[in-house]
Structure formats: C-alpha cells, structure tokens
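Here is a short report on a protein model.

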Amino acid sequence: MKLIPQERQPDASVTRPLIRDDTKFAAGKIAVFQYFAVCVFVFLALGYWDLQVRNEEFYLEKAYQNQIKSLPIPAPRGKIVDRDGRVIVDNHSSYRLILSRDSLREEHVIPIAAGLNLDANDLSAKIRRFRRQPTYFTIPLKEELTADELTFVEAHKGADSFPEMELIKSQFRVYPRDGVAAHLLGYVGEINEPELNSQEWANHNPGDVIGKSGIERFYNEQLTGVDGQRQVRVDNRMNTREVLGITEAQPGKDLKLTIDLDLQVVAELAMQNKRGAVVALDPRTGEVLAFVSTPAPDPNHFVGRIDAKEWAALATDPYKPLFNRALAAQQAPGSTFKPIMALAALEAGIIDENFTVQCNGGANWYGRWFKCHKKTGHGTVNLKTAIAQSCDVFFYAVGNKLGIDKIAEYAEMAGLGHKTGIDLPGEKEGVVPSSKWKIRTQREKWYAGETISVSVGQGALTVTPLQLAHAIGGIATGGVWMRPHVVKEEAGKAGKLEPARKAQLNLDNVNKVIAGMYAVVNEWGTGSMAHIPGIELCGKTGTAQLASNDLLKSRDMGEAFRDNGWFVGFAPRNSPEIVVAALYENGAHGDRASWIVRDVVKAYFDKKARLNKLQQPTPGVASLLSRPGEIAR
Amino acid sequence: MASYRSLRDLDWPLLAVTLSICGLGILQIYSATLDTAWRSAWWKQLLWLAVGLLMMWLMTKIDYHTLLGQVPLLYGITLTLLVVTPLIGRLVWGSKRWIPVAFGFKFQPSEFAKLVIVLLVARYLTELKSDRLEVRDLLKLGGLVGLPFTLVAAQPDLGTSLTYVPILLIGLYLGGVRWQHAATVIALAAVLMPVGWFFLKDYQRARLETFIDPMKDPMGKGYQVIQSKIAVGHGGIWGWGVTHGSQTQLRFLPVAHTDFLISAFAEEHGFVGILVVLGLYFLLLMQIVQNAQTAPDRAGMFICMGVCSLLLFHLLVNVGMAAGRMPVTGIPLPLMSYGGSSMLSVFMMLGLVNNVRLRRFVS
C-alpha cells in the first residue's frame with residue numbers, strides 16, 4: 001500500500017504545489033451528482049406531498065382513530081324473581097379483562113396467556129377469530145379473575161409491558177339457587193360466530209353476553225340493558241389522557257316470573273334422580289307455577305367460563321341434560337289421552353253415560369287383537385269406570401265410533417298438535433294424526449286399525465308435558481285454554497288475560513269426564529297413590545309404550561325401552577286452581593308419575609292454607625304473647 | 001506559515017444553514033419529548049451543538065493535508081475501536097454499538113469511522129494521480145472500506161455500515177471507475193443479493209418484508225412505518241404547530257426524537273415545513289458541492305464530495321423512511337436527530353469541508 005511513505009513526511013503534502021487543474025477532471029461528474037441530488041430531493045418531497053397533501057383526509061381519519069377509544073360500560077342484566085319476588089337470577093359485579101386490539105402485539109400473547117392461566121393456542125385462535133372485525137372491538141379475555149391473576153394484570157397493564165390489557169368493570173350472571181329451574185331460566189354466554197352472523201342477533205357485537213336458552217333467551221331484549229360508553233382520548237399506551245364523554249349504562253329490565261319457587265323446589269325434589277318433566281299451571285290464567293325438566297345442568301357453570309370439556313360432556317350425555325323435556329319431549333300420552341277421548345265422544349253425541357262396553361281383557365279390531373292393560377278384563381264398563389280403571393277396550397270402541405278425524409278435531413281443540421305459545425324458546429308441537437295428516441306426511445291413506453291405537457294415546461299421537469297440562473287444564477275449567485306463560489308482566493301487558501282458545505262445551509259432559517278423573521284418584525282408580533286427604537285431586541295415569549311388548553320379551557331390552565309413566569291432575573275438582581302434568585321417562589307405569597303430581601299439588605294447597613292462616617290472626621297467639629309474668633321471669 | 005488567509009474565508013453560508021437546521025431540530029426535540037422521560041434532551045442537544053461547533057473549529061484548524069497524512073493511524077485506531085466495541089460495549093436494543101466513556105456519556109465508534117473513511121478514500125484517490133481506476137484499486141479500496149463495514153454490520157448495525165458505501169461509491173465515481181468494472185460489480189451484486197439474504201438477521205429480513213408490505217403485520221413489525229405515515233399525513237399542508245401534533249404528543253409515533261424526528265416535524269409543521277427543511281438541506285449540500293468545485297486540490301474535492309454523498313444518503317434513507325418510501329433503518333437525520341455521536345461526527349465532517357474551503361486560495 002502506498003499510504004506508508006507519505007506518513008513519514010506529512011509536510012511534503014502541505015507544501016506540495018497545488019494545481020487548480022487537479023480538480024478539472026471531476027467537474028462534469030460533480031454536475032451529474034448535482035442532478036442526482038436534485039432527483040433525490042424531488043423524490044423525497046413527492047413522498048411527503050403524497051401523504052400530506054394528496055391523502056391528508058385519509059390520515060386525518062387514521063390519526064383520529066388512533067386517539068379516540070370508546071370503552072364500553074356494560075349494562076347489568078335484569079334480575080329474575082319468582083312470583084313472590086324472591087330472586088332466582090342475580091348479577092354479581094366483577095372485573096372483566098379485555099384485550100384492546102389496537103395495541104396488541106403478537107409477542108405478548110404467550111406471556112399474557114401464561115399470566116392468566118390460559119392456553120396460548122386458544123388465545124391466538126381467539127385473536128384470529130376477531131381478525132375481520134373492526135379494531136375497536138375488544139377481545140374479552142377472562143371474567144372473575146383470581147387474586148393471582150388480578151395481581152398479574154395490575155402489575156403489567158398500561159405500563160410498559162402489556163398495554164393491550166384492560167380491566168373493565170362488568171356484571172355477570174349468578175343463579176343463587178344452584179340449578180333450580182335450570183331449563184326454565186336458561187343460561188347466558190358470550191355470543192358466538194354463527195349467532196353474530198344471524199338475523200336474530202343482528203344488533204349485537206362480538207363479546208356481548210346474550211341469553212342462550214330459556215327465559216334468558218326469550219326475554220333477552222328486555223333483560224339486556226343498553227351498554228354505556230366512555231369516550232376517551234388515549235395515548236399509545238392506552239393511558240386515558242382525557243375523558244371526552246360518558247354515556248351511562250341503562251340496566252336491563254327485571255322480570256317477575258309466574259313460577260312459585262316453593263312449588264318449583266318441591267317438583268324438583270320429586271324429580272330427583274329421575275328423567276322427565278313436570279309442568280304445573282294455573283288453568284285460570286295460564287301462569288306456569290312450576291316447570292321442571294331433568295336432568296339439568298347448573299346454569300352457573302355456563303357463566304363466563306365455558307369449559308369446552310364440560311360442554312362436550314353435557315352435549316354427549318346419553319340422558320341429554322341439555323334437552324328441555326317439559327316443552328320439547330314429544331311422547332305418546334298413553335292413557336292420559338282418555339279424558340280427551342271421553343269428552344270428544346260425549347260432545348260428538350256418540351255415547352252417553354249409559355253406554356257400556358264389555359271388557360274381556362282385549363278385543364278384536366280389523367283383524368288384530370288389541371289387549372287391555374288388565375288381562376282378566378274389566379267386565380262391563382261405563383264411562384266413569386273406563387276412565388277410573390283406564391279400560392282400553394272401552395276406548396277402542398269409542399275411538400272406532402268417532403273415527404280418526406273427529407278424534408283429531410277434539411285433540412286439536414284441547415290444544416294438542418300445536419305449540420301452546422309459551423314464552424320460552426324451543427317449544428315443540430307434538431303430533432295429532434288424522435287422515436289428512438297421514439296423506440300430507442306419508443302420502444298414504446289412513447287405516448281404521450290405526451285409529452284403535454290412537455284411541456288409547458298410542459300410535460302416531462305425541463304430546464309434550466306442557467301441552468298435556470295445558471289441554472287438561474282447559475277441559476277442567478270448562479273449555480277455556482289460557483296461553484301458558486312464565487313471566488307475570490307479559491300476561492298483564494294488555495291489561496287482561498286473553499284466552500288462547502275457547503270452546504262451547506256442554507258442562508254436563510265436562511263434569512262426566514271430571515267425575516271419571518276424580519274416581520281415578522279418590523275412588524277405585526289407577527291413580528289412588530296420588531290421593532291427598534282433604535283435597536279433591538282429579539287426574540289420569542298414563543303408561544306409554546316405547547316398544548311393543550313382543551319386542552321387549554324377545555330381547556333383553558334395557559331401561560331405555562321401558563314404558564314412560566305419565567300423570568296429569570288438577571285440583572280442586574269444581575274450581576281448578578292448579579293442573580300438573582308429569583312425565584317420568586322409563587318410569588314403567590303412570591302411578592309412579594302420580595306421586596310426583598301428588599307432591600306438587602299437596603305443596604300448593606299446604607302453602608295456600610299456611611298463608612290463609614297467617615292472614616287470619618289467631619286469638620291464641622296474641623294471648624300467648626301477652627301472658628303476664630311469663631316474660632318478666 | 002499561513003495555511004489559510006483569513007477567517008473571513010470560512011464558509012459562513014454553510015454555517016448559517018447548518019445552525020438553522022440544528023435550531024429546527026432542537027425545537028422539534030423539545031416538542032417531541034415534552035412530558036416524557038427524555039424531556040431534557042433538547043438542552044443536551046444544545047450542549048452537543050456547542051461541543052460540535054468546537055470540534056468543527058478544531059477540524060478547521062488542522063490542515064486537512066496533515067489529517068490525510070495521519071490516515072493509517074486513524075484507520076488503525078478506528079478498526080481497533082470497532083473490534084473492541086462488541087467486547088466492552090453496552091447492549092442497547094440487541095446490539096453493541098456504544099463504548100461507555102464517563103459521566104454516563106457513551107461513544108459510538110461507528111459514527112467516527114465515517115470521518116476516517118472519508119479521509120481514507122480521499123487519500124487513496126489523491127495518491128493515485130491517475131483519472132483511471134484499475135481492478136486492483138477497486139479491490140484495495142473495497143477492502144479498506146469493507147473491513148470497518150463488516151465490523152459495524154456485525155454489531156449488528158447494518159444501517160450505519162451502509163452509510164460507508166456512498167462515500168466509497170462517490171470516490172470511485174469521481175476517481176474514474178471504468179464502466180465495464182462498474183457493470184461487473186453491479187452484476188455481481190445482483191447475483192449475490194439473494195445470498196446476502198441468508199446473512200441478514202431475522203429482524204432485518206422482517207424490516208425489508210415490512211417495507212414491501214407494512215400491513216402484513218400492522219401491530220408488530222409494520223407498526224413504526226404505519227404510525228410514522230399517519231403522523232406525517234396528519235400534518236397536512238400547514239401542520240398542527242409546535243407541541244400540537246397529537247400523534248407525536250400522545251406517543252403513537254415511535255422514537256420521535258431520534259430516528260423518526262422528521263415525522264414529528266412533518267406532523268407539527270406540515271408539508272410547508274418539510275419543504276423548508278428539505279430546502280435547507282439542499283442548500284447545505286449544494287454549498288458543500290460548491291466547496292468541492294472550488295477545492296484547491298484533488299484531496300479537498302474528494303473530502304467534500306465524500307461528506308456530501310454521505311449526508312445525501314442519510315437524508316434519503318431517514319426522510320424517505322419516515323414517509324414509507326424507504327425501508328426502516330435506524331440511521332439518524334444529520335443535525336436534527338437527537339444524539340451526541342451523530343452530532344459530533346457531522347460537525348467534524350463539516351469542519352473538514354470548511355477546512356478545504358479556507359485553503360481554496362492558498363497556493
């Protein structure tokens with residue numbers, strides 16, 4: 001390298017003659033460099049012109065979005081109370097942790113998940129799900145933080161570490177009477193993607209808590225208040241610099257139910273460890289007094305912490321705890337259909353009270369032998385005996401006289417085959433077969449032999465427990481079917497109760513049917529187990545076959561194919577106040593279901609008596625309190 | 001021995017433009033750091049300005065020919081410092097670029113290497129005395145600049161090391177590189193580019209990817225560019241005024257007092273402000289070019305043009321990056337960004353330019 005010798009004589013370079021022409025060679029090249037520099041400056045200026053002049057509006061908007069945040073103030077959901085004002089669904093305020101997506105950093109996902117005991121993959125997936133939503137929608141992370149989690153959040157939020165974490169005061173649902181009326185109340189949960197895309201939930205946003213089933217769902221709009229908003233100016237760490245405006249949250253409306261918690265609890269105790277449903281109505285108003293479907297999950301388990309495993313277990317449980325049997329189980333009513341048959345026959349003028357049938361344990365119809373449940377036969381039976389002892393042969397004859405279309409007409413009059421219109425989601429209509437129905441659904445004509453089965457509540461006929469209670473309640477009141485409902489105000493909205501349907505029934509005929517149902521419980525009938533001294537409970541047992549007896553015999557069928565037991569009853573006889581239908585799935589026989597109804601009816605009248613007693617001051621109590629000397633001693 | 005005639009011959013216009021730019025810079029640093037942990041940065045910068053002027057004066061005093069004579073020594077010291085830096089340096093933002101001095105001051109050898117490389121290139125090409133470069137000249141000069149380049153790039157500080165390249169390029173251009181050689185080098189570079197991709201650090205690759213598509217990762221790697229463009233665009237034509245740019249003041253704009261100072265300036269002073277700043281820089285560069293044209297000898301010309309091309313590169317990358325026109329590279333805006341080492345090295349280089357100017361009539 002030539003550099004070294006120069007170093008030894010630096011003065012030489014200083015004194016070296018300077019020749020101006022030395023730099024001449026570069027003059028043209030320097031000019032080229034100047035043009036290049038001009039190009040660079042023009043390039044830079046154009047870049048700024050593009051942003052600041054051409055697209056100013058766009059960036060003004062962007063800058064505004066950067067600073068202004070709308071933080072939601074969640075509105076508390078309305079409470080739910082029973083008919084006496086006892087709280088059955090309440091709110092509990094807690095802190096909800098959310099992720100603000102504007103300041104979200106990918107590398108924070110793992111530490112945040114670790115600090116909150118969440119699965120990092122789940123969290124990433126959740127964040128991905130929000131990808132297409134506008135960035136001002138926040139991601140709900142966790143409700144009800146534990147002390148450790150809260151410490152973690154307090155230590156890392158806002159500050160330099162994880163600015164995306166935000167704590168929001170929120171309300172969440174508590175069902176203080178663990179699991180009571182679970183199917184009636186339903187549960188709440190975070191809105192999911194299919195729901196977000198559906199018309200029903202069109203005005204809801206991601207992260208909203210909505211009613212998923214039961215009352216929570218049906219009355220979601222009333223229960224949901226209007227969320228408030230806090231508009232704030234924030235800096236890049238989401239620190240609030242200025243509060244621009246606050247819109248307070250409007251709490252949701254409280255709901256008063258028609259349910260009597262005391263009755264509900266009795267009904268649930270009666271159904272403990274059984275599968276089935278109990279519906280108790282006040283037939284005069286349509287108010288639902290008790291509404292049970294078992295098994296049932298505890299709605300508290302769904303609140304804010306939906307555990308995928310727990311959910312899967314519920315969804316795949318063979319006993320279907322998520323299935324609301326009270327309004328969606330469509331089962332053959334069995335003999336509980338007989339009062340409707342009896343009334344139909346009387347009203348249609350086909351029989352009168354003197355009409356009798358000889359029962360020898362069965363009868364031959366259309367070339368087939370139809371058995372009576374009593375193998376030895378009932379002998380000569382009239383209407384009252386036929387109902388009381390549930391004689392199948394009697395109703396085979398009646399059904400044959402009526403014909404399927406008359407049967408269908410009266411069944412539909414009683415409300416079968418149609419939804420009752422209860423204010424709960426998921427109601428099923430059941431099936432009332434008719435010749436038209438068969439052509440419509442199966443493109444086949446009706447065979448008279450099928451009518452024989454339907455006459456005793458079998459065949460294609462199905463009902464829900466709610467429908468059965470509704471139907472029998474309407475007959476008991478002499479032909480007025482009130483629409484069942486579970487929320488008090490809902491009924492009173494129009495000022496008075498409108499019956500769902502009315503029928504001009506001959507009260508003599510009604511009383512003949514009721515006499516039979518009275519005999520079922522109180523004379524020598526199949527429901528004598530339901531007898532309550534002092535209470536005129538009328539009812540009807542039912543045993544509905546799920547599989548033919550031959551099939552049952554030929555194979556060792558398990559419990560799942562055992563007959564369903566039914567009982568429907570009302571009281572008191574002449575001015576019914578309560579009608580109860582109970583379905584005991586695989587309960588083998590109706591008299592087992594009758595115990596359930598007896599418990600509920602007894603509880604109803606016991607409570608009524610107790611309340612009456614309290615309202616009439618007993619002289620004895622007053623004198624007891626004022627007995628002189630007792631207290632002083 | 002009067003090596004220059006009079007202080008009157010100092011480049012006063014250049015100094016005036018320089019101080020104007022520094023003034024705008026300090027104002028912007030003040031505004032961008034208001035209410036932050038950096039709020040004392042503006043007067044520290046003022047202090048650096050004073051020290052810078054002193055250094056500039058010193059660089060003017062020593063005849064640049066003397067400095068050229070000391071190039072091997074300076075080059076040796078620079079290489080030593082660059083080797084030592086990773087060993088005793090402080091780890092900041094994942095790389096070791098600084099050597100702690102005293103009183104909390106730290107020193108960035110890679111900044112001063114710029115000055116040495118300017119002198120090195122000038123000396124080599126002066127001694128060449130020919131207007132034609134041979135392959136061996138290319139290799140030698142390339143190797144001499146390549147060594148500090150590699151050391152700095154390994155810190156890793158690719159941004160700073162890249163600033164050495166324009167000094168070399170302008171030298172080769174003015175020194176008379178043959179177009180065949182240039183074409184060969186460009187072709188080679190084009191071939192080696194994909195190979196170089198493998199030598200880049202992940203974050204460097206990410207920056208290039210983000211440059212091509214910032215929206216690919218708006219909350220992560222693309223964040224800086226996006227926020228910078230928002231701040232710039234938000235400024236509009238007239239800007240929001242000092243301390244009134246919301247993106248700067250609410251700290252949406254990242255590193256607003258150093259690398260992205262020009263974005264903060266653009267928000268608060270608008271397109272008009274940007275034109276003023278670009279105009280000042282243009283005057284500065286043209287003044288340096290004029291000094292090159294009037295330089296008394298080859299060495300002076302090479303020195304001025306080396307400084308000029310270095311500053312132009314800084315401008316292009318930093319100002320272009322803030323508007324999303326260049327990839328994000330952590331190199332400062334000369335004279336405006338906060339930072340002592342950068343300030344001192346630029347002032348020393350301007351001192352060199354003045355040095356050349358003072359001696360233009362000496363013969």
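## Helix packing in chain A

At what angle do helix 15 and helix 18 of chain A pack? This is a predicted model. In it, helix 15 (residues 338-347) and helix 18 (residues 404-413) of chain A meet at about 115 degrees. Their axes lie 9 Å apart.

Angles of 65 to 115 degrees count as roughly perpendicular. Helix 15 of chain A and helix 18 of chain A are therefore roughly perpendicular to each other. The crossing of helix 15 past helix 18 in chain A is right-handed.

## Cavities

The model has 4 cavities of 30 Å³ or more. The second largest cavity holds about 60 Å³ of space. Its lining includes Asp282(A), His470(A), Trp481(A), Met482(A) and Val579(A). Elements of chain A that give two or more residues to this lining are strand 11 (276-282), helix 21 (465-476) and strand 17 (480-482).

Helix 21 of chain A makes the largest contribution to the lining of the second largest cavity, with 4 residues. By residue class, this lining divides into 7 nonpolar, 4 polar and 1 charged.

## Annotated spans in chain B

The unreviewed UniProt entry places the feature "transmembrane region" at several spans of chain B, among them residues 12-30, 182-200 and 335-353.

In the model, residues 12-30 of chain B are 100% helix and 0% strand. The end C-alpha atoms of this span lie 27 Å apart. Residues 182-200 of chain B are 95% helix and 0% strand. Here the end C-alpha atoms lie 25 Å apart.

Technical notes:
Residues are numbered from 1 along each chain as its sequence is written. Chains are lettered from A and ligands numbered from 1 in the order in which they are written. This is a predicted model: local features need pLDDT of at least 70, side-chain atom pairs count only at pLDDT 80 or more; totals for chains, interfaces and linings use all residues. Side-chain values use heavy atoms; hydrogens and water are left out. On a 1 Å grid over the protein atoms alone, a cavity is a set of points where a 1.4 Å probe fits but cannot get out, and a pocket is an open set with protein on both sides within 12 Å along at least five of seven lines; lining residues have an atom within 4 Å of a point. Grid points are joined across faces, edges and corners, and a volume is the space filled by probe spheres set on the points. Ala, Val, Leu, Ile, Met, Phe, Trp, Tyr, Cys and Pro count as nonpolar, Asp, Glu, Lys and Arg as charged, and the others, Gly among them, as polar. UniProt positions are given in the numbering used here, feature names are shortened, and annotations may be inferred rather than shown by experiment. Axes are lines fitted to C-alpha atoms, for helices over the stretch in contact, and angles run from 0 to 180 degrees between N-to-C directions. Angles under 35 degrees count as roughly parallel, over 145 as roughly antiparallel, 65 to 115 as roughly perpendicular and the rest as oblique. A crossing is left-handed if the near helix is turned anticlockwise from the far one by less than a right angle, and right-handed if clockwise.
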